[in-house]
Number of protein chains: 2
Amino acid sequence: MAMIGSAETGQPTINDVAAHAGVSKKTVSRVINGSPLLTDATRAKVKQSIEALGFVPNPQARALAFGRNFMIVLLHDNPNAQTVLNFQSGILQAIGNTDLALAVRPVDRSSPAMLDDIREFLEKQRPLGVLLLPPISENDDIARLCTAQGVRYVRVGSAVLDDADHCVASNDREMVAAACRSLIAAGHRSIGFVRGPAGFRSALERETGFRDAIAEAGIRHDPALVFQGNYRFRSGQDAGRALLAVTPPPTAILASNDEMAAGLLYVALERGIKVPQELSIIGFDDSPTASHIWPALSTVRWPILEMGELAARKLVRDFLPGEDKADLPVTLNSTFIERDSVAPPQPSRT
Amino acid sequence: MAMIGSAETGQPTINDVAAHAGVSKKTVSRVINGSPLLTDATRAKVKQSIEALGFVPNPQARALAFGRNFMIVLLHDNPNAQTVLNFQSGILQAIGNTDLALAVRPVDRSSPAMLDDIREFLEKQRPLGVLLLPPISENDDIARLCTAQGVRYVRVGSAVLDDADHCVASNDREMVAAACRSLIAAGHRSIGFVRGPAGFRSALERETGFRDAIAEAGIRHDPALVFQGNYRFRSGQDAGRALLAVTPPPTAILASNDEMAAGLLYVALERGIKVPQELSIIGFDDSPTASHIWPALSTVRWPILEMGELAARKLVRDFLPGEDKADLPVTLNSTFIERDSVAPPQPSRT
DNA sequence: CTTGCAAATGACACCGGTTTCCCTTACACC
DNA sequence: GGTGTAAGGGAAACCGGTGTCATTTGCAAG
């Protein structure tokens with residue numbers, strides 16, 4: 001490894017501050033870390049020296065003595081860029097001006113070496129904690145690995161996946177039910193559903209919400225109207241082709257995410273089917289896509305930024321002096337957003 | 001700051017390896033860092049001990065001795081999530097299994113404290129280097145700040161912004177010209193242009209490409225057909241309303257990015273204007289939106305992932321043993337992608 | 001004016017590497 | 001065999017903080 005710059009950055013060290021203030025370095029350390037065992041006078045004196053010298057504690061040295069890097073890691077394999085980035089924004093909002101850095105590490109769920117890769121990364125970087133975004137947040141092995149490595153973690157999911165300290169959840173089931181109810185209220189009785197991939201908790205929760213709502217309305221569940229997608233645009237197109245081929249076709253389709261809803265819409269427009277007059281569509285996520293396609297999609301806004309902030313706060317609350325140790329919520333509520341992709345079914349078709 | 005886990009992680013240290021191999025810790029250090037001054041026998045013996053003990057050098061300790069954290073930072077204020085995430089993917093591809101971590105740090109270009117914030121962050125984290133995404137990559141003050149702090153940097157832009165070691169660029173001007181030529185070749189003579197925000201280099205480059213192409217074809221430049229947007233969907237809608245109100249309206253519109261192109265398309269569909277029969281549209285970026293709207297947008301694929309990888313390689317090539325020190329390119333080429341949003345103008349309108 | 005005890009502060013080792021400097025070796029040459 | 005040179009290897013200092021534990025200080029009680 002080659003040399004870069006100079007080790008002596010000219011930055012004042014804790015020793016300089018100690019000398020300047022006429023105290024021991026340990027006392028300076030106490031001031032930095034907000035120890036309560038200090039005279040106000042001493043604290044003030046040291047703070048003044050820190051100001052005067054422009055001292056910034058060296059994070060590497062702190063990390064060495066502390067045994068962990070002042071870093072939290074976002075582990076994810078979520079394909080939706082907007083989701084990941086919004087979540088990042090939430091985290092950054094929570095850690096704001098602290099000494100913490102946010103590192104990102106995508107993982108490959110399909111690789112058999114995934115756990116080893118994560119272990120290696122955690123050993124090399126020794127972060128304070130990790131944040132897990134779905135779908136890998138649903139993997140219990142990773143949570144166990146973190147515990148074994150002494151790394152904190154918080155999992156984000158569409159349902160409660162862990163205890164309150166290690167989990168942030170949204171109420172997907174309830175919100176999909178609400179969205180579905182709005183279709184029923186508009187008069188729809190034949191409603192298609194595009195579910196997410198098998199094995200995903202979010203897919204299960206959302207489908208359960210759909211079934212809750214139709215059961216509640218006394219609508220018989222028709223398996224032919226449920227299509228299994230994979231959260232991708234293309235699978236939404238496939239769903240559209242499949243569901244519109246059913247006789248009679250559904251008058252409304254609920255998709256488990258916006259990308260698939262966009263795929264549905266694409267197929268409808270391609271075939272000259274008018275949305276929402278001839279077909280109502282609802283998505284999930286409130287991704288930019290939802291409002292950027294025509295007609296704008298009714299959807300469920302998933303509070304991903306807020307979840308990121310909450311998850312990060314749970315992770316770091318013991319390290320940040322200002323944070324109150326009060327209980328933080330586990331579940332954050334989504335909102336149903338009505339736009340232009342829903343209308344009552346056409347009489348001729350009912 | 002509270003205590004977490006245990007400092008003694010049970011990990012073997014360099015001392016354990018030294019004892020196991022029967023050499024001094026310095027010799028082990030030499031092996032780790034690939035010093036050439038060692039007997040092959042010694043090297044082999046130490047490597048064997050490292051294997052046997054499963055030794056992983058503690059990054060904090062290395063960082064302390066080294067003076068910098070083994071971390072590179074992505075500084076960005078780019079609003080496009082897909083762009084940022086693709087760039088991240090490229091970086092991660094380049095740093096792969098090395099000891100380096102990728103941290104992300106969004107900045108607020110509109111804040112007067114931006115430079116101070118960045119300075120503070122660099123002082124606190126002391127990363128190896130930073131990667132700058134447009135539009136802040138165009139800010140020379142940040143580059144100067146990095147140099148002053150002894151932090152390496154690489155800037156990414158739509159044009160060459162710095163010397164070869166500190167810059168990765170795309171050929172936007174050329175590609176927009178190519179896209180525009182395809183419209184001209186289809187028969188369009190009245191072409192609208194939606195430019196990016198004032199002060200953005202990318203906006204300037206792309207507009208220049210547009211003007212190159214129409215000048216080349218002998219088409220008079222009509223200021224009424226140029227609308228200034230801000231790269232957002234909504235400004236694309238505004239552009240659509242403005243440009244379609246011109247008499248006669250353009251038969252084709254070139255937008256400086258896909259989001260604005262999507263806004264144009266939205267307005268056209270809303271008004272019942274058929275795309276591409278009555279209006280051709282071309283975007284720029286090849287964001288997922290471009291292929292997820294109907295009709296799918298012709299666009300220019302911006303090699304953002306590849307740029308991320310290249311930029312990261314430039315940044316770290318002196319640190320990674322395997323990297324050849326050969327010259328890396330500065331400019332990466334984009335590709336024009338034809339989809340379904342372009343058709344010849346309708347005869348009645350020409 | 002002691003004594004006692006808790007609060008405030010300091011001395012020093014330590015975290016786990018790298019660097020400096022010096023001492024062995026090994027070998028070539030005279 | 002003696003000596004010069006260069007390479008290999010080790011002891012100790014160092015990077016800049018934090019933890020432990022002993023010591024000093026301040027103040028109330030006796």
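Start at A:Ile191, whose bridge partner in strand S8 of chain A is A:Ala252. This is a predicted model, where local features need pLDDT of at least 70 and side-chain atom pairs count only at pLDDT 80 or more, while totals for chains, interfaces and linings use all residues. Residues are numbered from 1 along each chain as its sequence is written.

A:Ile191 belongs to S6(A), which covers residues 191-195. Four bridges tie S6(A) to S8(A), residues 252-255, and the two run parallel. S6(A) also runs parallel to S7(A), residues 226-228, with three bridges between them; here A:Phe193 sits opposite A:Val226. Strands count as paired if DSSP finds at least two bridges between them.

So which residues of S6(A) are buried on each side? A:Ile191, A:Phe193 and A:Arg195 are buried on one face, and A:Gly192 and A:Val194 on the other. Buried here means under 20% relative accessible area, with a 1.4 Å probe and protein chains only.

Now zoom out. Chain A has 13 helices and 12 strands, taken as DSSP runs (H or I, at least four residues, for helices; E, at least two, for strands) and numbered from the N terminus. Its radius of gyration is 26 Å, well over the 20 Å that the globule rule gives for 350 residues, so chain A is more spread out than a compact globule. That radius is taken over C-alpha atoms, and the rule is 2.2 Å times the number of residues to the power 0.38. Along its principal axes, the C-alpha trace of chain A spans about 90 × 40 × 35 Å. Even so, buried residues make up 57% of the 350 in chain A.

Note on methods:
Chains lettered and ligands numbered in written order. Heavy atoms only, no water. Buried < 20%, exposed > 50% of the residue type's maximum accessible area, 1.4 Å probe, protein only.
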